[in-house]
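Me: I am new to this structure. Please take one part and look at it closely. Walk me through how the pieces meet there.

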Protein chains: 2
Amino acid sequence: MQESRDRYKAMVDKLKEHNHKLTPQRLAIIRILSESKEHPSVEDISRRLQRDFPGVSEATVYRNVLLIKSLGEVLEIGFAGESTHYDGRKPHPHPHIVCIKCRKIIDPDLQSLKEMVEEITEESGFEVVTYRLDFFGICPGCRTMNA
Amino acid sequence: MQESRDRYKAMVDKLKEHNHKLTPQRLAIIRILSESKEHPSVEDISRRLQRDFPGVSEATVYRNVLLIKSLGEVLEIGFAGESTHYDGRKPHPHPHIVCIKCRKIIDPDLQSLKEMVEEITEESGFEVVTYRLDFFGICPGCRTMNA
DNA sequence: CTTTCTGCAAAAATTTTGCACGGAC
DNA sequence: GTCCGTGCAAAATTTTTGCAGAAAG
């Protein structure tokens, strides 16, 4: 998919730009991040890596994901009680709407987000740097199914 | 504060209702949860507990927080890269603003949240059941410190 | 050839669990 | 007296770090 290739290239370019070496392991991790839509954990990435790099160290995956995150090319998604997940396809914060029945995820374009950030700045004096915004509910399809 | 006492009572009642025993340790953990505005971690709770219960086990805190969570009386707040925090004062979902410097967490009252839920319902047809909404930024104090 | 990167293993940090004793009811 | 809860220690997870050798540029 074109999108995956674009993300792959963007990540490689960012690495080059910051004079990081392009090791095969690193490139393989980037490939997995750019192709995975399911927000893989370090363990997921490591497991998929074994195919091409048997014996690759999990520490290497941690180090590289951390590096890529520091370059702003992957979004970290932490849930309580489980290991951290990563989104390398859309590295910038964005809201999600998740259907709790069919697990479908959509990325809405919320006009009210900008307004909300303004409200926060005004009310609390915080300078908003980033956010995470996930709504969980029942999608139209699932609502009609068991109405 | 009245609010703290109400929360304390609500948690105790819920325990009684489900036939859980009211041990001193358990009551002390509930007291801390009901009084803490800063969303303490298990470690935080455990440290504060030492005052009244020297030698209290961290495992006991874990077990009790888990129990109280299963009764719906505490909100679990997980962030990537650090231990899970808990809010016993507002056990239902609500937005957070987290300072990325001093880690302070505040609970804003956002008028625009209702509007955002409406926007989601209108635009996507989702029936919003729950959410998690966390903004990360720099609080006024930390902004002035290194301005 | 220099510097970074990797693998390994150990250490940290966080959370869970088994078991015997003790305390709430 | 009966269970449930606690303390302790060990185990299980998840993530970080030190170091020596390997490899990218």
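Reply: A polar contact here means a pair of N or O atoms within 3.5 Å. The model is predicted.

Start with the place where chain A meets chain B. Here 41 residues of chain A are in contact with 41 residues of chain B. The area buried between the two chains is about 3700 Å². Carbon and sulfur atoms give 63% of that area. On the chain A side, Phe126(A), Arg132(A) and Phe135(A) lose the most area to chain B. Together these three make up 22% of what that side buries.

Now look at the strands. Strand β5 of chain A, residues 127–138, is joined to strand β5 of chain B, also residues 127–138. There are 11 bridges between them, and the two strands run antiparallel. Thr130(A) stands opposite Phe136(B). Further pairing puts Gly137(A) with Val128(B) as its bridge partner. β5(B) also pairs inside its own chain: 4 bridges link it to strand β3 of chain B, residues 96–99. That pair runs parallel. In it, Ile97(B) stands opposite Phe135(B).

Polar links cross the interface too. There are 17 residue pairs in polar contact between chain A and chain B. Several elements of chain A give two or more residues to the side that touches chain B, among them β1, α5 and α6. The largest share, 12 residues, comes from β5(A). By class, this side has 23 nonpolar, 9 polar and 9 charged residues. The interface also holds 4 salt bridges. One of them joins Glu127(A) to Arg143(B), with the closest N and O atoms 3.7 Å apart.

Then turn to DNA strand D. It is surrounded by 20 residues, and the closest include Lys21(A), Tyr62(A) and Arg26(B). Sugar and phosphate account for 68% of the DNA strand D atoms that come within 4 Å of the protein. Chain B shows some of the individual links. A backbone N or O atom of Gly55(B) lies 3.2 Å from a phosphate oxygen. A polar side-chain atom of Thr23(B) lies 2.8 Å from a phosphate oxygen. Lys21(B) reaches a base instead: one of its polar side-chain atoms lies 3.0 Å from a base oxygen.

α4 of chain A, with α2 and α4 of chain B, each supply at least two residues. α4(B) gives the most, with 4 residues. By class, the surface near DNA strand D has 6 nonpolar, 9 polar and 5 charged residues.

Methods: Residues numbered from 1 in each chain as written. Chains lettered and ligands numbered in written order. Predicted model: local features only at pLDDT ≥ 70, side-chain atom pairs only at ≥ 80, totals over all residues. Heavy atoms only, no water. Pairing = 2+ DSSP bridges. Near = heavy atom within 4 Å. Polar contact = N/O pair within 3.5 Å; in protein donor to acceptor, adjacent residues only side chain to side chain. Nonpolar A, V, L, I, M, F, W, Y, C, P; charged D, E, K, R; others polar. Contact = heavy atoms within 4.5 Å. Buried area = accessible area lost by both parts, 1.4 Å probe. Salt bridge = Lys/Arg side-chain N within 4 Å of Asp/Glu carboxyl O.
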